[in-house]
Amino acid sequence: MSEQQHGDQRGDHQQGGFATRAIHAGQEPDAGTGAVITPIYQVSTYKQDGIGGFRGGYEYSRSANPTRTALEECFAALEGGERGFAFASGLAGQDTVLRALLTPGDHVVVPSDAYGGTYRLFNKVLVPWGVEHSIAPMGDLDAVRAAIRPGQTRIVWVETPTNPMLGIADIAALAEVAHEAGALLVVDNTFASPYLQQPLSLGADIVTHSTTKYCGGHSDVVGGAVVVRRGITVPGFEDAVDRVAFHQNSLGAVAGPFDAWLVLRGLKTLALRMERHSDNAEKVVEFLLGHPAVSAVHYPGLESHPGHEVAARQMKRFGGMISFQLKAGEDVAVKVCAETQVFTLGESLGGVESLIEHPARMTHASVAGTELEVPADLIRLSVGIEDVDDLVADLKQALDRLG
């Protein structure tokens, strides 16, 4: 599909509730066979009806593929945006957004509790390109304002909830701060998923996801997504949709058809899974709060959490991610991670199975020694959809033995 033709397509399937859109948006039954599931168009090129005569606008699968188009339209519908884009990974989507919207000399405000891979992208890839950044706690609006460089800051980058400390940022308030400075607000919505939170409805301009996580939901695909809001009004960014589309095609880090199909499959059950993830997490949190080996529990569903009020306002529920700290310190935290039987020791998150990890030595090792360094005694849980009594019993035996 040519860039212009694909650029003219928009996610128009905005009707119905979340689960209805997840199952139907962009996914009409196949015209030829009546198949109710979008086919995997495992194809690189397409027959043209004469030179420049593209059937349905398709010419080459880096530019567009029908399976990927279905996923992109579904994402646009779920996030309430103008257009969705599917990528080979979450970082590929983030890099494409940054390359599309920034130029050397620009400045970005980055969260003090960002995902390690995102910070590595800013610190090791974009800095040599000439894009500068400052770090600020996104829960502190005054700190964000202070980090903004008038006339230079082009993007305020937000994660909420954050990885791994489960910090919460007020999306609506940050959108106002960013827009007043002539900057866009970009929100990484991976931890919440589109089911629990829709940043565009709160004023954000762009949403990113690692679809590897909750959207795929089964730990069998790596992918990313970007959704751009309708009618960006920040001066200089009115053409953001077209710029992201151009760079997606030019950089080429797109989702393959089978990967796109797997994420589409995952989205169909996202609403059900997120409810179960949230149910289970709440019961695990209750257990952790009562265990004598635990010194702190980080979960936005707790009234004691500093971001609880904001999270309750902008999220449907509080999700399946928990982090907690141990009184006995780092060595015991590492041992606990190795002692669980139902919780699998591994990186990533958001699958149907429960995972446990030590962020300081695993997912966030790349930020050791920086302002984003995480506590050494921290354990992060991705609470799955197993029977919750089994999850609690597993944590109990590990903590009782080593905590």
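## Ground rules

Because the model is predicted, local features need pLDDT of at least 70, and side-chain atom pairs count only at pLDDT 80 or more, while totals for chains, interfaces and linings use all residues. Residues are numbered from 1 along each chain as its sequence is written, and side-chain values use heavy atoms, with hydrogens and water left out.

Helices (H or I, at least four residues) and strands (E, at least two) are DSSP runs, numbered from the N terminus.

## The seven-stranded sheet

Start with an open sheet of seven strands. Its order is β1-β7-β6-β5-β4-β2-β3, and its pairing is mixed. Two strands pair if DSSP finds at least two bridges between them. The edge strands are β1 (83-87) and β3, and each pairs on one side only. On average, neighbouring strands of this sheet are turned by 20° against each other, direction ignored. Such angles come from axes, which are lines fitted to C-alpha atoms, for helices over the stretch in contact; they run from 0 to 180 degrees between N-to-C directions.

Now look at strand β2 (residues 107-111). With β3 it pairs in the parallel sense over five bridges. From β2 the chain runs through helix α5 (residues 116-129) to β3, a right-handed β-α-β crossover. Right-handed means that, with the strands pointing away from the viewer, the path from the first strand over the helix to the second runs clockwise. β2 also pairs with β4, again in the parallel sense, over three bridges. Here V108 stands opposite I155 in β4.

Is strand β3 largely enclosed or left open? Four of its five residues (132-136) are buried, so the rest of the structure largely encloses β3. Buried means under 20% relative accessible area, exposed over 50%, and partly exposed in between (1.4 Å probe, protein chains only).

Helix α4 (residues 90-101) is mostly covered too: 10 of its 12 residues are buried. Among them are G90, A92, V97 and L101. Its length can be checked.

## The five-stranded sheet

A second open sheet has five strands, in the order β8-β9-β12-β11-β10, with mixed pairing. β8 (294-298) and β10 (344-345) stand at the edges with a single partner strand each, so one side of each has no neighbour in the sheet. β10 and β11 pair in the parallel sense over two bridges. L345 has I356 in β11 as its bridge partner.

## Salt bridges

How many salt bridges does the structure hold? There are 17. A salt bridge is a side-chain nitrogen of Lys or Arg within 4 Å of a carboxyl oxygen of Asp or Glu. Take E132 and R149, with their closest N and O atoms 2.4 Å apart. E132 is in strand β3 and R149 in the loop between α6 (141-147) and β4 (153-159), 17 residues apart. E132 is partly exposed at 37% relative accessibility, and R149 is partly exposed at 29%.

E330 bridges to R361, with the closest N and O atoms 3.0 Å apart. R361 lies in the loop between β11 (355-357) and β12 (378-382), so the pair ties together parts that are 31 residues apart in sequence. E330 is partly exposed at 29%, as is R361 at 48%. E339 bridges to R401, at 2.6 Å between the closest N and O atoms. That pair links helix α13 to helix α14 (residues 388-402), 62 residues apart. E339 is partly exposed at 22%, whereas R401 is exposed at 54%. Elsewhere, salt bridges that share partners join E275, D279, E282 and R317 into one network.

## Cysteines

A disulfide is a pair of cysteine sulfur atoms within 2.5 Å. The count here is zero. For C74, the nearest cysteine sulfur is that of C215, 9.3 Å away. C74 is buried, with a relative accessible area of 0%. C215 is buried as well, at 2%.
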